[in-house]
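Here are my notes on this structure, as numbered points. Please read them beside the coordinates.

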Amino acid sequence: MHLMYFTEQPMSAYPKEEGDRYGYTALLFPNKFFDPVEGSRLYNERLEEYKLVEEVGYDGIMLNEHHTAPFCMQAKINICAAILAAITKKVKIVLLGNPLPLAENPVRLAEELAMIDMISKGRLVSGFVRGGGVESLQANTNPAFNRERFEEAHDLIVKTWTTPGPWRWEGNHYQLRVVNPWALPMQRPHPRIWIPGVSSRETIVWSAQHRYPYIALNLPIEESKNVWKIYDQVAEESGYQAGPAERGYLIRCHVAETEEKAIRNAREFMWMQGEFTGLTHPVWAAPSGYLGPWARKAMAELRAGYTHVRGVNASLEKQMKNLTLIAGTPEQVVKQLRIIMEETRPGILALYGNDGRISHEDSKTCIRLTGQEVLPALREIGKELGLESPFDLNTPVSLAYSNGHAGKAAGGLAAAS
Amino acid sequence: MGIQPTRGEIMDQFLISTLDYVRAGFADQGKFAEIYKERPDVDQLVTWEINREMSTRIAWKPYMFNQAMPHLIKAVTVPTLVVWGKQNHVVPLSCGERYQQAMPKAKLEVIDGGHYLEAEKHSELARLTKSFIAAK
């Protein structure tokens, strides 16, 4: 199993009542409520927590990036990744991920990622995302071309990492006169690429077609099973058999010394009005063209206020009941995580430990208890259930480097020599 | 693609629903309801959505204007009538003024109404057009 720690790095010092008053906490929510002094404190506390994450035995630290919203302070994922590359020694630095369509020059991203990989001595996992609708709006990148840009930027980055320069790229969205960066990743053929998502069929299919592990973000068990049904079918059509090494799962999971304290802290996961990405306008969440034609009618009704998203503001109790949020003592959370592991069989598991206003001390307690008592138990369960990670199996980094079957294969990772 | 305003901004349709955007184009909300009903049908919403997807593709950035436009329309030397709604909250009057200034023989008429004069003030627009053509 590959076990990772995650937090959204919330700007929890913003005044929540203002979010309630505005009715949204993204894009047009004024940044006068951002306090840089508190921001400085929070960034530094997170870095201290990440060092502890490594000390207590996690395998990886998962990072992400969002913009113009208090729920996530990471405006540039590669900055935090570069810091972690220098201050940690063993953990994988798992970026889930760089929002590719926002990039105006993907080769520059390829260079930044290569630097992170070299500084960390080959510990980078370079996930990619499309970026949310809010990101399209704030970066002013056309949502109608979001998926095209994602795919072209991906192709360009992989080629940059694997094809010696100089060469020229004349694409639909990116044109580069000379591609010949003097920064290349240490891992060969290239760093692993993982793709996180919240069940968009196109992304699941694309990930499976490339044999990139898909990381299901906090979905209910039944929805996760639907994801794997699609993934497994596309994998079979693509000539390989998918298994736990292609399956990742992120779950909110807070651990404390007592159940009472854990649940009290877990209420902080509801800090963004019940949605961990905060309140947003349906137009901003998925601007026109961002989703395929299949979503047109439903989105038209939603944007006009004729319908509403189901499940928004579900109570903590309801979320705990359907196992999309876990909180308790180490023993309690292991029991619940076992259910998820048995039902959905992920080889990659990310524990989203802390959010909202959970204090620095309680965050560290959560990390420490998880490392000391939860992770060893999960590793045992993983062994029992045969949940092996891409690292355990040294799986190919992609279908392009696969010999067509699961398990050890040509194209698994090696440090460049 | 239109012309960049010198005063004000073109209302950003990509930040609001199609329903709110079309409503904003009418000075007279009664007229909106007469054409589309108080609560437009879902089919109408879908049509607006398809239109917006095309606007996204062609007018995302720069938003709804072409910086070459003032230079290009200098070549329009025929008599031209520009009609603008006084209560147009979608595209500022400064755009109408720029059209008029850029085209040597353009005339600007500002009348009561919103952005969709052809729907909201069709009789007045037809009257202005007929008299403009008759005068030439």
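1. Disulfides. A disulfide here is a pair of cysteine sulfur atoms within 2.5 Å. A:Cys80 is in none; the nearest cysteine sulfur belongs to A:Cys72, 9.7 Å away. A:Cys80 is also buried, at 8% relative accessible area. Buried means under 20% relative accessible area, exposed means over 50%, and partly exposed lies in between (1.4 Å probe, protein chains only).

2. Basis. The model is predicted: local features need pLDDT of at least 70, side-chain atom pairs count only at pLDDT 80 or more, and totals for chains, interfaces and linings use all residues. Residues are numbered from 1 along each chain as its sequence is written, chains are lettered from A and ligands numbered from 1 in the order in which they are written, and side-chain values use heavy atoms, with hydrogens and water left out.

3. A:Cys366. A:Cys366 is buried, with a relative accessible area of 1%.

4. A:Lys364. This lysine is in helix H14 of chain A, residues 360-385. Helices are DSSP runs (H or I, at least four residues), and strands are E runs of at least two, numbered from the N terminus. A:Lys364 counts as buried, at 13% relative accessibility. Leaving out residues up to four places away in sequence, A:Lys364 touches A:Glu48, A:Glu49 and A:Leu52. Contact means heavy atoms within 4.5 Å.

5. Interface. In chain B, 18 residues are in contact with 22 residues of chain A. The two chains bury about 2,000 Å² between them, 60% of it on carbon and sulfur atoms. Buried area is the accessible area (1.4 Å probe) lost when two parts are put together, summed over both. B:Leu15, B:Arg57 and B:Trp60 supply 31% of what chain B buries against chain A, more than any other three residues.

6. Cavities. There are three cavities of 30 Å³ or more. A cavity is a set of points on a 1 Å grid, over the protein atoms alone, where a 1.4 Å probe fits but cannot get out; lining residues have an atom within 4 Å of a point.

Terms used:
On a 1 Å grid over the protein atoms alone, a cavity is a set of points where a 1.4 Å probe fits but cannot get out, and a pocket is an open set with protein on both sides within 12 Å along at least five of seven lines; lining residues have an atom within 4 Å of a point. Grid points are joined across faces, edges and corners, and a volume is the space filled by probe spheres set on the points.
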